[in-house]
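Hi,

Here is the structure I promised to pass on. Have a look at it first, then read on for what turned up.

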Amino acid sequence: MDLQPILDRIGAEMQAAPDRGRVADYIPELARVSTDHFAMAVCTADGQTFTTGAAEMPFSIQSVSKVFTLALALGRLGDQLWSRVGREPSGLAFNSVVQLESEKGIPRNPFINAGALVVTDAILQGHQPREVLGEILRFLREAAGEDDIHINKAVAASELAHGHRNLALAHFMAAHGNLRCPPEATCGTYFHQCAIEMSARQLARAGRFLMNAPGMPRLVAPARTRRINALMMTCGHYDGSGEFAYRVGLPGKSGVGGGILVIAPGRASIAVWSPGLNAQGNSQLGTLAVERLARATGWSVF
Ligand code: DON
């Protein structure tokens, strides 16, 4: 299959799309990014990479980072992690507080903010934030096979200055004994992990280990990548996860910077970026673009 004409067509359609969604404005640094941008990159199992649009432009990966911290935490703690965070979709917004109250401070899954804070807290325990951020960057650089991946400190500071909701989640979980580090340290580390910048091409390359295909980087055991994919399918788009599975039929993880990492198991790792978001905080055109790619390639797992 020749993917380049498919990507070129989707890229042209997305550039011309009138309804581009709205940028996240609760992190002021992200509100400055134009909704005009669009990029897509596809790494296939035979080792090729195809791109369209601004595929070399770095963007804030935000919640897409949660896939990589989950892989790290599972590597370090194994299944023990599941005593502190669940594996069910929440059906609520990514930053929702309500379920923690009735569910004893145990977040529904590792991709909502509360769950991702527990995952980061688990990696942070016994270490300094600087060491953990170094470890996350090393993991990403090894996964992508390149070194030019960094944290945007202005984005991290911008989120910290408006981080009351995440701090509230962290303190609430601490009150239930489900946080091991001081909430400020866990949130500070988490804000910096979310502020990592990558291009669509780098992100697609970093996702190759989740494809479970021969010749791809093997950073996590196959049994574990299958589970990470299952969680991406059921929880990766928060209260939009059902809609994403229905439209695209592939595991994906979105970020409020407008990026989405999508895995076609055994076939491809796909990254798409368009900063305008839909009502659930997921990239509006990014979703449409991968929906069209899945239709053109027949890559849906269903
Ligand atoms: O914690 C936050 O609110 C952001 N750093 C990340 C949220 C996010 O990316 C949600 N995804 N669509």
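Among contacts in the chain between residues at least 6 apart in sequence, what percentage join residues at least 24 apart? The answer is 69%, where a contact means that two C-beta atoms, placed from the backbone, lie within 7 Å.

Two notes before the rest. This is a predicted model, so local features need pLDDT of at least 70 and side-chain atom pairs count only at pLDDT 80 or more, while totals for chains, interfaces and linings use all residues. Residue numbers start from 1 along each chain as its sequence is written.

On overall shape, a compact globule of 302 residues would have a radius of gyration near 19 Å, and the chain agrees with 18 Å (taken over C-alpha atoms; the rule is 2.2 Å times the number of residues to the power 0.38). The C-alpha trace spans about 55 × 40 × 35 Å along its principal axes.

The chain splits into domain 1 (3–61 + 197–296) and domain 2 (63–196), with bounds from an automatic or database domain assignment. Their centres, taken over C-alpha atoms, are 20 Å apart. Where they touch, 34 residues of domain 1 are in contact with 36 of domain 2.

Now the ligand: 13 residues surround it, and the closest are Q62, S63, C194, G255 and V256 (near means a C-beta atom, placed from the backbone, within 6 Å). Both domain 1 and domain 2 give at least three residues to this shell.

Cheers
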